[in-house]
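I opened my notebook to look up a few local features here, helix first and side chains after. Here are my entries, in the order I made them.

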Amino acid sequence: MSNRTDDIINKVKAKAAAAGQVAAHAADITAQKAEKLFESTKLTFKLYELNGEIEEIQKKIGAIVYTAHKGGETNQQELDELLKEQDALNAEIAEVRKKIAAGKNNKICPKCGKICRNDDQFCAGCGSEF
């Protein structure tokens, strides 16, 4: 082959190698974003699960309170256990919300718990200053 053909083939090889590197880098970035999205989705699902559990506990607490209101006997031990369960679930929800915020480079308002942007100076939920 001529030198001209060799030069063309070498240039094509170099361009193909560069394109391969760009494609590999793009694939890595896409995989990282997909992993973040998957983790965020898992955490969001966990949040819905925990909120569902709290709803059930609150229904039970409401039934106990209503029974007491109507003059019925109150099972204080059951009420205390339900309140402890709800406190534990609320703490778990706070941790999940922190993880979600951290994954999105956000922050959480310490007063109301709303997820806000890192550059916010005031909470969009309650107006508290950060």
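What follows are my notes on one helix, the cysteines and the rings.

Entry 1, the ground rule. I am working from a predicted model, so I read each value below as computed from that model.

I looked up its extent and found 28 residues, 76–103. The distance from first C-alpha to last is 41 Å, close to the 40 Å expected at 1.5 Å a residue.

At the N-terminal end I found Asn75 as the cap, with a side-chain oxygen 3.3 Å from the backbone nitrogen of Gln77. Just after the helix, Asn105 takes a positive phi of about 55°.

Which residues of α2 are buried? I noted Leu79, Leu82, Gln86, Leu89, Ile93, Val96, Ile100 and Ala101. Their cover includes α1 (3–69), β1 (106–108) and β2 (115–117).

How many disulfides does a search of the whole structure find? I got 0. Cys109 is in no disulfide, and its nearest cysteine sulfur, that of Cys126, is 3.7 Å away. Cys126 is likewise in no disulfide, with the sulfur of Cys109 as its nearest.

Entry 6, rings. My search for aromatic pairs over the whole structure returned 0. I did find the charged end of Lys107 over the ring of Phe130, 4.2 Å from the ring centre.

Conventions:
Residues are numbered from 1 along each chain as its sequence is written. This is a predicted model: local features need pLDDT of at least 70, side-chain atom pairs count only at pLDDT 80 or more; totals for chains, interfaces and linings use all residues. Side-chain values use heavy atoms; hydrogens and water are left out. Rings of Phe, Tyr and Trp (its six-membered ring) pair if their centres lie within 6.5 Å; planes under 30 degrees apart count as stacked, over 60 as edge-to-face and the rest as tilted. A charge sits over a ring if NZ of Lys or CZ of Arg is within 6 Å of the ring centre and within 35 degrees of the ring normal. A disulfide is a pair of cysteine sulfur atoms within 2.5 Å. Helices (H or I, at least four residues) and strands (E, at least two) are DSSP runs, numbered from the N terminus. The expected span of a helix is 1.5 Å times one less than its number of residues. Buried means under 20% relative accessible area, exposed over 50%, partly exposed in between (1.4 Å probe, protein chains only). Contact means heavy atoms within 4.5 Å. A polar contact is a pair of N or O atoms within 3.5 Å; within protein, one must be able to donate a hydrogen and the other to accept it, and residues adjacent in sequence count only if both atoms are side-chain atoms.
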